[in-house]
Amino acid sequence: MKALPTLGKFIYSIPMMIFGLFHFMGAKGMTGMIPSYIPGGVFWVYLTGVALIAAGLGILIGKKGRLAAQLLGLMLVLFALMIHLPGATSGDQAATAMFLKDIALGGGAWVLSGQLRS
């Protein structure tokens, strides 16, 4: 049972880093997800990819892990609200699932931030 927090840190942070890599591998396809009222297009996809990798790495190695988890949680909740909520409120089941996923992952990041030392 004592190993569960360490295992949880790996299980949470490694997928975040992989999601970050996906942002680089599929940047053109993800650009369409950015709301039209936000200028910059693909720049935000790449920046988000960097942020996901940095947050996952920070959590994993324990360098600014608490801050990384707090900022990751904020980013994920903002994604949920800005990207997925409009589709969810219009009845899109996939958007609703993505909204709930990002809310849960954001909340999980904030819970994790309370467990990290740095």
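1. In this predicted model, helix H3 covers residues 42-61, 20 residues in total. The distance from its first C-alpha to its last is 29 Å, close to the 28 Å expected at 1.5 Å a residue (the expected span being 1.5 Å times one less than the number of residues). Helices are DSSP runs of H or I with at least four residues, numbered from the N terminus.

2. Buried residues (under 20% relative accessible area, 1.4 Å probe, protein chains only) in H3 are Val45, Thr48, Gly49, Leu52, Ala55, Gly56, Gly58, Ile59 and Leu60. Their cover includes helices H1 (4-25), H2 (27-31), H4 (65-89) and H5 (93-113), contact meaning heavy atoms within 4.5 Å.

3. Gly62 follows H3 and has a positive phi, near 80 degrees.

4. H5 has 21 residues and should span 30 Å at 1.5 Å a residue; its end C-alpha atoms are 30 Å apart, which agrees.

5. In H5, the buried residues are Ala95, Phe99, Asp102, Gly106, Ala109, Leu112 and Ser113. They lie on the same side of H5, because they cover an arc of only 160 degrees around the axis (taken from the directions from the helix axis to the C-beta atoms). What covers them includes H1, H3 and H4.

6. On the face of H5 turned away from its buried side are the exposed residues Gln93, Leu100, Ala104 and Val111 (exposed: over 50%).

7. At the start of H5, a side-chain oxygen of Asp92 comes to within 2.9 Å of the backbone nitrogen of Ala94.

8. Residues are numbered from 1 along each chain as its sequence is written, and side-chain values use heavy atoms, with hydrogens and water left out. Local features need pLDDT of at least 70 and side-chain atom pairs count only at pLDDT 80 or more, while totals for chains, interfaces and linings use all residues.

Definitions and conventions: Helices (H or I, at least four residues) and strands (E, at least two) are DSSP runs, numbered from the N terminus. A polar contact is a pair of N or O atoms within 3.5 Å; within protein, one must be able to donate a hydrogen and the other to accept it, and residues adjacent in sequence count only if both atoms are side-chain atoms.
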